[in-house]
Amino acid sequence: MKQYLKLDEWSIIEESFDPQNHEISESIFSIGNGYMGQRANFEEQYSGASLQGSYMAGVYYPDKTRVGWWKNGYPEYFAKVLNSTNWIGIHVMINGVELDLAECEVKEFVRELNMKEGYLSRRFTAVLKDGKEVAVEAVRFVSVKRHEIGAIRYTVTPLNFNGTIMLEPYLDGDVQNKDSNYEEKFWLEVERAAEPELYYLTVKTKKLDFHVTSVMSFDIFKNGSRLDIQAAVSEKEKYVAGEVSVEAHANEPITLFKYVANVTSRDHGLGDLVAAGKDLLTAAKQAGFDTLLSEQADGWADKWRDSDIIIEGDVSAQQAIRFNIFQLNQTYSGEDDRLNIGPKGFTGEKYGGSTYWDTEAYCIPFYLSTADSHIARNLLIYRYKHLEKAKENAKKLGFTKGALYPMVTMNGEECHNEWEITFEEIHRNGAIAYAIYNYVNYTGDFTYLGQYGLEVLAEISRFWEQRVNFSKAKNKYVMLGVTGPNEYENNVNNNWYTNRIAVWTLEYTLEVLEYLKANEPDRYQALIAKLDLQEEETKQWQHIIDNMYYPYDEERRVFLQQDGFLDKELIAVKDLPAGNLPINQNWSWDRILRSCFIKQADVLQGLYFLGDRYDLDTKKRNFDFYEPMTVHESSLSPCVHSIIACELGYQEKAYEMYLRTARLDLDNYNNDTEDGCHTTSMAGTWMSIVQGFGGLRVVDGELMLRPFVPSHWDNFSFKVMFRNSRLKVNVTGDSIHVVNETDVPAAICVYDTSYTVDGHGEIKHQNASANL
C-alpha cells in the first residue's frame with residue numbers, strides 16, 4: 001500500500017514529483033466524459049516511464065488472441081480499447097532545449113484533480129541543465145457539456161532569464177497499445193491537413209474501419225494579450241502540428257490555449273467527420289476557454305447534485321467516495337445504449353476496455369440510484385441487443401438452444417483469452433438475469449419485462465437447462481466443470497454460487513411468465529410464439545429448481561464453495577507471512593489453486609444478491625467461515641463483505657472493507673493502479689455506503705433504510721433517485737433525516753416505521769438503533 005496523495009475533501013493532490021509514482025498518478029488523475037477519456041500524461045515531452053492513453057468510447061480493435069494452443073469454441077480475438085490520437089501533446093523548447101521532467105530538476109510540483117468542477121491542473125518549476133528556470137501551469141478537461149471537445153490552458157513563464165519559448169501543439173496518431181500482442185500499431189492515416197489557424201488528422205483502425213478525426217486550433221497569449229503569429233506547420237505520417245516561437249522576458253508568462261474536437265465514425269458519416277469536427281471546434285473556440293471551464297463546473301454541479309455523498313469527521317473516507325463517484329460519472333453517461341463500462345473505464349488498457357459482468361453486478365445499483373432510470377435501462381438494452389450473439393456463443397460451445405452471454409465483449413461475441421474464463425465462468429449469465437430483476441424491482445418499470453426482459457431470461461434459462469446434468473449417484477442435478485466468481489478455483493464441480501444463481505434465474509423466469517400472462521396477456525402470447533416456448537421446457541425448469549444439488553457442510557452449517565472444498569488445508573489469511581501477499585504476485589498458479597484462499601466473494605456474493613432468501617444466522621455462519629480465508633485480490637470483493645458485515649453488525653470489519661474498496665486505487669492496495677483504476681468496483685464503494693451503512697433495500701415497492709453511523713464518522717448523508725423522487729438521507733448518531741428534493745412523493749420505511757415523504761417534504765426518524 002502506497003500513500004503519497006494529500007487528503008482533501010474535493011481534490012486529489014500530489015505535492016511533489018516522484019517518477020516512481022508517475023504511472024500510478026497517470027491512472028488516478030485521469031479525466032473523461034463518457035465519450036472520451038485521457039490518462040494524466042504530461043502535455044510536454046516526458047521520456048520517463050509512462051503509459052500513454054487517449055481513448056474514444058466504443059472504438060476498439062480485435063487483436064489476435066495469442067495462445068500456443070487452440071480449443072473448439074475459443075475466441076479468435078481479444079478486443080482492446082485503443083490508445084487513440086494523442087490530442088494533448090505540446091512540445092516545449094526553452095532556448096532550443098526540450099522541456100522534459102525526466103531530464104531536469106523538478107521543484108514545487110503540484111498535480112490536482114478538481115473533482116468538484118471536473119478538471120486537471122498541474123504546476124511546477126523546472127530547472128534545466130544549464131540552470132534556466134521555468135514555471136509551468138496547465139489546466140485541461142474534456143467537456144461534459146460538449147462531449148467531443150477537449151481544452152487545455154498551458155502557461156510557461158521564464159523565471160531567471162530572457163529567451164525564446166517555442167510551443168508546438170500537435171496531433172499524433174502514431175501511437176500503439178502497450179498490451180499489443182505483437183507490438184503491432186493499430187492505426188492507418190486517412191488524411192491530415194493544416195489550414196489557417198486549424199489542423200486536422202484522420203486515422204482509421206486496420207480492422208473494423210473505425211475512423212477518428214481530431215481537429216485542433218490554438219491561440220498564443222503574452223502577458224494576457226493575444227499574439228497574431230503565423231505558426232509554422234510541421235507534418236509527417238499520422239502527425240500534424242503548428243510551431244510558434246515567442247521572445248519572452250523573465251517573469252513574462254506565455255500562454256497557449258489549445259482546443260480539440262475528437263469525432264468518430266460511430267456518430268458521424270465518414271464523409272462528414274472533418275466538417276463535423278470543424279464546426280464543433282469553431283463553436284468551442286469562439287466560446288473560449290473560460291466559458292468552457294465555467295460550463296464544465298455547471299455540468300459537474302448537476303452530477304454532484306444527484307450523486308454526492310457527504311461524510312463528516314473522516315477526510316480519508318470523504319475523499320475516497322468522491323473519487324469513486326467522480327470516476328464513475330466520468331466513465332459512463334448512459335445516453336448511448338451502444339456503450340458499456342469497462343473495468344478500467346478510461347484510465348488504462350488492462351481488461352481491454354470491454355464489458356464484463358461487473359456492469360450488472362456492481363454498476364447497475366449506482367446508476368439506478370444516482371441518475372434517471374433510463375440510464376440503467378440502457379445498460380440492460382445493451383445486453384438485449386446482444387442476445388442473438390449470446391445465442392451464437394452458446395452454439396459455439398455445443399449447446400443447441402439458449403444464450404450464453406460472453407465474459408468479455410465489445411459487440412456481443414466472446415473475446416476473453418483465458419480458457420477457464422471463456423468456457424467455465426458461466427455465472428455471468430446469472431448476473432445479467434439478476435440485473436433485470438434489480439432494475440424492475442427498483443424502478444417499478446414492469447413494462448421492461450414484456451418489451452425486452454423475458455426474451456433474455458428465457459434464453460438464459462434454456463442455457464442453464466442444458467448446462468446441468470442429472471447425477472444418478474446424488475439423485476440431483478449438478479453442474480460440472482465451472483469457475484465461480486472466485487477465480488482462484490478453476491474447473492470445479494458444483495460451485496455453490498453458480499448452482500444457486502442458475503436456479504434463481506429459472507425461478508425468476510417462471511415468475512415473469514406468470515406476471516405477463518396475468519397482466520399483459522396479448523404480449524405474453526406474442527412472446528410465447530416468438531420464443532417458441534414449450535410447456536415441456538418450463539416443466540423441466542421447475543424440475544431442476546426442485547432437485548438442484550448444493551454442496552453443504554452439515555457440521556459447520558455452511559454452504560461449501562464447491563465439491564471438495566473441505567479437502568483443502570483451511571488457513572486464515574492473517575496467518576500468512578506478509579511477504580506472501582498479494583498471493584497472485586508471489587505464488588505459482590498451481591499453489592493458488594490448491595490453497596483455500598479466496599480471490600473474491602463467492603458464496604457471499606450469492607448471499608448478497610439473494611439476501612431476502614436467507615436469515616441472519618445463515619449469513620453469519622458463512623461470513624465467519626469464508627471471510628478469514630479471503631484475500632480480496634479482486635477489486636470486486638471488499639464491497640460485498642462490507643455490506644454483509646454491516647447487516648451482521650460487524651462495524652469494524654465493515655469499515656475496514658469499505659476503506660479497502662474506497663481507497664483501493666488512491667493507496668494502491670493491490671500494487672496495480674499503474675495499469676488503470678478499478679472503475680467498475682468503484683460502484684461497489686458506493687454500494688458499501690448506501691446499501692451497507694445506509695441499509696438501503698427495496699421491498700414491495702417501498703424504499704427500506706436501516707442506517708447507522710460508523711464509529712469513525714460523525715455523520716453522513718447520501719442521495720438516491722427512487723421512482724422519480726430524489727431523496728437526501730442524513731444519518732446522525734440518533735436520527736435519520738430524509739428530505740425530498742423533488743415534487744414527487746416517495747414511500748419509505750426507516751427501520752420498521754413506514755412514511756410518505758411528500759414532494760419537497762421531509763421526515764425525521766428518531767431511533768437509538770441508528771448508532772448500533
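# Briefing on a predicted protein model

The largest cavity in this structure has a volume of about 50 Å³. The structure is a predicted model.

**The largest cavity**

- The residues that line the largest cavity are Ala40, Asn41, Glu43, Leu120, Ser121, Arg122, Ala138, Val139 and Arg140.
- Two elements give two or more residues each to this lining, namely strand S10 (119-127) and S11.
- Two of the lining residues, Glu43 and Arg140, also form a salt bridge with each other, in which the closest N and O atoms are 2.7 Å apart.
- Glutamate 43 belongs to the loop between strand S3 (36-38) and strand S4 (54-56), whereas arginine 140 belongs to strand S11 (residues 133-142), so the pair ties together parts that are 97 residues apart in sequence.
- Both glutamate 43 and arginine 140 are buried.

**The largest pocket**

- The largest pocket is lined by 50 residues, and those closest to its centre are Asp612, Leu696, Arg697, Val698 and Val699.
- Several helices give two or more residues to the lining of the largest pocket, including helix H5 (358-370), helix H9 (428-443), helix H11 (496-519) and helix H15 (603-609).
- Helix H16 (616-626), helix H17 (637-648), helix H19 (679-693) and strand S26 (697-699) also give two or more residues to that lining.
- Helix H9 supplies the largest share of the lining of this pocket, with six residues.

**Other salt bridges**

- Aspartate 63 and lysine 80 form a salt bridge, with their closest N and O atoms 2.6 Å apart.
- This pair links distant parts of the chain, since aspartate 63 is in strand S5 (residues 60-64) and lysine 80 is in strand S6 (residues 77-81), 17 residues apart.
- Aspartate 63 is buried because its relative accessible area is 1%, which lies under the cut-off of 20%.
- Lysine 80 is likewise buried, with a relative accessible area of 2%.
- Lysine 391 and glutamate 459 meet through their side chains in a salt bridge of 3.9 Å, N to O.
- Glutamate 459 is buried, with a relative accessible area of 5%.
- Lysine 391 and glutamate 459 also belong to a network of salt bridges that links Glu388, Lys391, Lys401, Glu459, Arg462, Glu465 and Glu537.

**A sheet of five strands**

- Strands of a sheet pair through backbone hydrogen bonds, and the pairing may be parallel or antiparallel.
- Here, five strands form an open sheet with antiparallel pairing, in the order S8-S7-S13-S19-S18.
- Strand S8 (97-98) and strand S18 (232-236) are the edge strands, each of which pairs on one side only.
- Strand S7 (residues 90-94) pairs with S8 in the antiparallel sense over two bridges.
- Methionine 93 has glutamate 98, in S8, as its bridge partner.

**A buried threonine**

- Threonine 213 is located in strand S16 (residues 211-222).
- The relative accessible area of threonine 213 is 0%, so this residue counts as buried.
- Its side chain makes a polar contact of 2.7 Å with the side chain of threonine 202.
- Leaving aside residues up to four places away in sequence, threonine 213 touches Leu201, Thr202, Ala261, Asn262, Val263, Leu273 and Val274.

**Features of the backbone**

- The peptide bond from leucine 581 to proline 582 is cis, with omega near -10 degrees.
- Proline 582 lies in the loop between strand S25 (558-559) and helix H14 (589-594).
- Histidine 632 has a phi near 55 degrees, which is a positive value in a residue other than glycine.
- Histidine 632 is found in the loop between H16 and H17, and it counts as buried at 3% relative accessibility.
- Asparagine 671 has a positive phi of about 60 degrees, although it is not a glycine.
- Asparagine 671 is found in the loop between helix H18 (651-662) and H19, and it counts as partly exposed at 45% relative accessibility.

Conventions:
Residues numbered from 1 in each chain as written. Predicted model: local features only at pLDDT ≥ 70, side-chain atom pairs only at ≥ 80, totals over all residues. Heavy atoms only, no water. Pairing = 2+ DSSP bridges. Helix = DSSP H or I, 4+ residues; strand = E, 2+ residues; numbered from the N terminus. Salt bridge = Lys/Arg side-chain N within 4 Å of Asp/Glu carboxyl O. Buried < 20%, exposed > 50% of the residue type's maximum accessible area, 1.4 Å probe, protein only. Polar contact = N/O pair within 3.5 Å; in protein donor to acceptor, adjacent residues only side chain to side chain. Contact = heavy atoms within 4.5 Å. 1 Å grid on protein atoms, 1.4 Å probe; cavity = no way out; pocket = protein on both sides within 12 Å on 5 of 7 lines; lining within 4 Å. Points joined across faces, edges and corners; volume = space filled by probe spheres on them.
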